[in-house]
2 protein chains.
Amino acid sequence: MRQIIFMTAFKVGIIGAGPSGLAMLRAFESEQKKGNPIPELKCYEKQDNWGGMWNYTWRTGVGKYGEPLHGSMYKYLWSNGPKECLEFADYTFTEHFGQPISSYPPREVLFDYIEGRIKQSNARDYIQFNTVARWVDYLPETKQFRVIFDNLVKNETFEEIFDYLVVGTGHFSTPNMPYFKGIDNFPGAVMHAHDFRGADQFKNQKLLLIGSSYSAEDIGVQCYKHGSAGVTISYRSNPLGSKWPDGIKEKPLVTHFEGNKAFFKDGTSEEFDAVVFCTGYQHKFPFLPDNLRLKTKNCLYPDNLYKGVIFHENEKLIFLGMQDQYYTFNMFDTQAWFARDYMLGRVALPNGQERRKDIDKWMDYEKRSLTGEEHVDFQTDYIKDLISYTDYPAFDLDKVADMFKSWLKDKEESILGYRDKVYQSVMDNTHAEKHHTKWMKEMDDSLERYLDE
Amino acid sequence: MRQIIFMTAFKVGIIGAGPSGLAMLRAFESEQKKGNPIPELKCYEKQDNWGGMWNYTWRTGVGKYGEPLHGSMYKYLWSNGPKECLEFADYTFTEHFGQPISSYPPREVLFDYIEGRIKQSNARDYIQFNTVARWVDYLPETKQFRVIFDNLVKNETFEEIFDYLVVGTGHFSTPNMPYFKGIDNFPGAVMHAHDFRGADQFKNQKLLLIGSSYSAEDIGVQCYKHGSAGVTISYRSNPLGSKWPDGIKEKPLVTHFEGNKAFFKDGTSEEFDAVVFCTGYQHKFPFLPDNLRLKTKNCLYPDNLYKGVIFHENEKLIFLGMQDQYYTFNMFDTQAWFARDYMLGRVALPNGQERRKDIDKWMDYEKRSLTGEEHVDFQTDYIKDLISYTDYPAFDLDKVADMFKSWLKDKEESILGYRDKVYQSVMDNTHAEKHHTKWMKEMDDSLERYLDE
Ligand SMILES: Cc1cc2nc3c(=O)[nH]c(=O)nc-3n(C[C@H](O)[C@H](O)[C@H](O)COP(=O)(O)OP(=O)(O)OC[C@H]3O[C@@H](n4cnc5c(N)ncnc54)[C@H](O)[C@@H]3O)c2cc1C
Ligand SMILES: Cc1cc2nc3c(=O)[nH]c(=O)nc-3n(C[C@H](O)[C@H](O)[C@H](O)COP(=O)(O)OP(=O)(O)OC[C@H]3O[C@@H](n4cnc5c(N)ncnc54)[C@H](O)[C@@H]3O)c2cc1C
Ligand SMILES: NC(=O)c1ccc[n+]([C@@H]2O[C@H](COP(=O)([O-])OP(=O)(O)OC[C@H]3O[C@@H](n4cnc5c(N)ncnc54)[C@H](OP(=O)(O)O)[C@@H]3O)[C@@H](O)[C@H]2O)c1
Ligand SMILES: NC(=O)c1ccc[n+]([C@@H]2O[C@H](COP(=O)([O-])OP(=O)(O)OC[C@H]3O[C@@H](n4cnc5c(N)ncnc54)[C@H](OP(=O)(O)O)[C@@H]3O)[C@@H](O)[C@H]2O)c1
């Protein structure tokens, strides 16, 4: 019974095996490897594999078992930031691929990298796939959570009791889809970016995209690259303002539709074949009672999360990855390491008032951050703060922040060419290599083709 | 406190305000009108209006609040059976419209009719909209149900306790979507019938439909009517076998896809622009623990439902409308009347063994029913049996069965013309009037145009 010696007396439930949930498992594993006791762990994932958003699916709407589909990724999706900004501090790209690769790999390559790290551990043993968290009750007497799970394959429900609950279910899955007058009679395809599965369907079509953030930018550029007859991006607050090629343009917000014609705030109108809503996502936690729900829009510092992870109303509840993201994988890591050390009792929790003050301080800081560069600085400072509490491998965050700022400029200079740039790893100093083919000419996003020299 | 005098001492929760849930409210209302006591009633509906499947939405995937969308109906959907077969016994089409109408009205007209009856009552007061049943616990000590609801507008959860729970959540909403090799790389639109919103999107496109039941038939015919470049229906078990016009054909099952090319079991292959899966639906009850779940495929007599309504494992749980449907609205009524009288203690429940025997008898009868005509007879007998227990207005069911059989023949003779036929009401003997325009020429399915003389 050697295992028991290395276990603490409490039990942790993790919901979701995307990058955030996996980071939590990895954090505990690294502790265990040092010979320290870790709690009993269970992770439940509704998809049939790990990787979260990076686990591509051809399906839309609901999955095989009728659950709302998690995946929002699509064919021909390439990283939209330099991989050097998201690199794990404890597992570099060079360690994984054995050779330098470019700075903007496609989805399959990033999936492979995520999987590479976690496969080194026995994390899979902790995860039950095809199992969805259905409902959570908090039991105040014992300060525990009763969680109902639904095994989708067996069509069977069961419950588990946990001392801590870690929610890593992502927040780019539940479409925010506003209504525009007349959209109900638009004759062509109407979908949210969540259901977009690649540009092929829109070849030779005139496309209207509503929204002006990453999804609009990337879907617009992809459809241009893959042969749409024209892309119009309609913004609410601000245009993206890139130097667009002929074939992509921006317009103020749609006011309404008549048949296949869209009318815009500037008084113009235009006919379209299809409309894709790139209007972002909702934080949605159908399995949590509303007093345990994180209620926030997409931002850098959601309210009610101490250090961005511990729920203010119930300190046994932990959320990972709920922020809008410049940093991704390594930010989830620093959150998971912090959460781990907190659960292990190494990070003391200040009283409620102090926590509130700390949250307010960060929220105030976010409010004062207005430009892209300031947002990068904000999230860099947030991660620095988290890292200061744990033994997550230190890395040169200022240099990463600089890379993000160069990336912002690269995009400004060339929205079609920025993915041809290369950066240098702050983890192992590897210089990225240029991809064998210019991004605009590269129509194949497979791992095989990518690694082909 | 006059109201209290008229209330029995128990409380009934109804989930869903589609035709089934509304039938339950109507059944109790008709009892109350006679001056008899009724239980306390609460009905919860996740959509923002009643009418269930008949409440059309332009959305696909998930709704405004991120819940899986209920609606599978689409533009230009007309009744696919004579309205005389679904007519309420206590509220005729003529009473509602004040004039004879045709036998195959479009969706909006049927919605208006459903609403017409229920608007005569105070049913709306019992219904809370935009509220989804999230989780049900059965409390064995008190033999009650604790139900967690989620108010989608307020993002607030709350619980209610019920003595009886009536589930009327439908079963044509959760797509059954099998995987075919290569479908993940099909370049055109791929969707389930659930997300089909009308033929416009497929104008001039070559369309492949998989499945060979009502959805395939109707979507195929609609797309043909509205200008698709060709429709191929691919069947697993049996072809529909209609006399198809040039432009619609049937093929055995797809084996796989390569790019935009589909390969069929007969060794042929063909290129398509889009694929619509008409492969039916799953009975799905995410809010029920699995021991209260009805587990069945689409059939005329699902197992574990005594008289098709009372759950065999827990007699306080009632399901309405869970059968495959020839009869619809009036069948839901007879079920609701039966359920009402059972809850009011007027219909005695035999012991478990007797119930089991009764269920087996019906299931055995279904097994012996093979043809469309035999299925009609089966469901006719089922309804006759139900009606014999209650005071639901008797109507000439044999004549309705005959109409169904004529309808089957009408379709065989002319799949494009059967909706031009007219029938006679068994409720008030009204002869339907021919629609002013032949169905194949009628491109406008609005209520306004329909009632225009
Ligand atoms: C279109 C798109 C493109 C992106 N591109 C990039 C990029 O180029 N670079 C980058 O760094 N980031 C990108 N991102 C951000 C991406 O969200 C993160 O990289 C990362 O996937 C977030 O990890 P997560 O674990 O927090 O959430 P997710 O990856 O979303 O994983 C959450 C997991 O929880 C599971 N889950 C949800 N609900 C339940 C439940 N009730 N029960 C059980 N399991 C549940 C899900 O199935 C999923 O596996 C992109 C996001 C989108 C939407
Ligand atoms: C494409 C299509 C065409 C059809 N055409 C015809 C036709 O021509 N003629 C005909 O007679 N029948 C037709 N039908 C059959 C149709 O299903 C029935 O007419 C009828 O709508 C069934 O009524 P119901 O109340 O049982 O289910 P539904 O109409 O499906 O209503 C169920 C209700 O429950 C609600 N609900 C579901 N889950 C929850 C939850 N967790 N919490 C709260 N509320 C919930 C839903 O929002 C919905 O309002 C058609 C069905 C489909 C799919
Ligand atoms: N790897 C890739 O290439 C790639 C591709 C796509 C997405 N992603 C990732 O996916 C995540 C989500 O990005 P996202 O662009 O989908 O969401 P997002 O960044 O949250 O942006 C939402 C957009 O929708 C707009 N919007 C919201 N409500 C609207 C309304 N009612 N009317 C009009 N516009 C409205 C917003 O406009 P306002 O500015 O007015 O609020 C904003 O432009 C990001 O992390 C991104 O990096 C990555
Ligand atoms: N008013 C209208 O015009 C209209 C229009 C559409 C639908 N509806 C209603 O909607 C309801 C549902 O009808 P529906 O046609 O969607 O569902 P359905 O009647 O349950 O039929 C499902 C079909 O999918 C096929 N199928 C299932 N799994 C498959 C697989 N793995 N591979 C290939 N084929 C598969 C079945 O084939 P097998 O025969 O081999 O099992 C069957 O043909 C009905 O009540 C119908 O009346 C009405």
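Ala, Val, Leu, Ile, Met, Phe, Trp, Tyr, Cys and Pro count here as nonpolar, Asp, Glu, Lys and Arg as charged, and the others, Gly among them, as polar. The model is predicted, and local features need pLDDT of at least 70, side-chain atom pairs count only at pLDDT 80 or more, and totals for chains, interfaces and linings use all residues. Residues are numbered from 1 along each chain as its sequence is written, chains are lettered from A and ligands numbered from 1 in the order in which they are written, and side-chain values use heavy atoms, with hydrogens and water left out.

**View 1. The surroundings of ligand 1 in chain A.** Ligand 1 is surrounded by 31 residues, where a residue is near a molecule if one of its heavy atoms lies within 4 Å of it. Ser20(A), Glu45(A), Met53(A), His70(A) and Thr328(A) are the closest. By class, this shell holds 14 nonpolar, 15 polar and two charged residues.

**View 2. Polar contacts and cover of ligand 1.** A polar contact with a ligand is a pair of N or O atoms within 3.5 Å. The side chain of Thr328(A) has an N or O atom 2.6 Å from an oxygen atom of ligand 1. Gln47(A) places a polar side-chain atom 3.0 Å from an oxygen atom of ligand 1, while a backbone N or O atom of Ala133(A) lies 2.9 Å from a nitrogen atom of this ligand. On its own, ligand 1 has 980 Å² of accessible area, of which the protein covers 93%; accessible areas come from the Shrake-Rupley method with a 1.4 Å probe. Helix H2 (19–33), strand E4 (131–139) and helix H6 (329–343) of chain A are the elements that give two or more residues to the shell. E4(A) gives the most, with three residues. Helices (H or I, at least four residues) and strands (E, at least two) are DSSP runs, numbered from the N terminus.

**View 3. Ligand 2 in chain B.** Of the 31 residues around ligand 2, the nearest are Ser20(B), Glu45(B), Met53(B), His70(B) and Thr328(B). A polar backbone atom of Met53(B) is 2.9 Å from an oxygen atom of ligand 2, and a polar side-chain atom of Trp54(B) is 3.0 Å from an oxygen atom of the ligand. The protein covers 92% of the 980 Å² of accessible area that ligand 2 has on its own.

**View 4. Ligand 3 in chain A.** Among the 22 residues around ligand 3, Ser212(A), Ser213(A), Ser215(A), Arg236(A) and Ser237(A) come nearest. An oxygen atom of ligand 3 lies 2.7 Å from a polar side-chain atom of Ser213(A), and one lies 3.1 Å from a side-chain N or O atom of Asn298(A). Taken alone, ligand 3 exposes 930 Å², and the protein buries 81% of that. Helix H5 (residues 214–225) of chain A gives the most to this shell, with three residues. The shell divides into nine nonpolar, ten polar and three charged residues.

**View 5. The interface of chains A and B.** In chain B, 46 residues are in contact (heavy atoms within 4.5 Å) with 46 residues of chain A. The two chains bury about 3500 Å² between them, 50% of it on carbon and sulfur atoms.

Notes
Polar contact = N/O pair within 3.5 Å; in protein donor to acceptor, adjacent residues only side chain to side chain. Buried area = accessible area lost by both parts, 1.4 Å probe.
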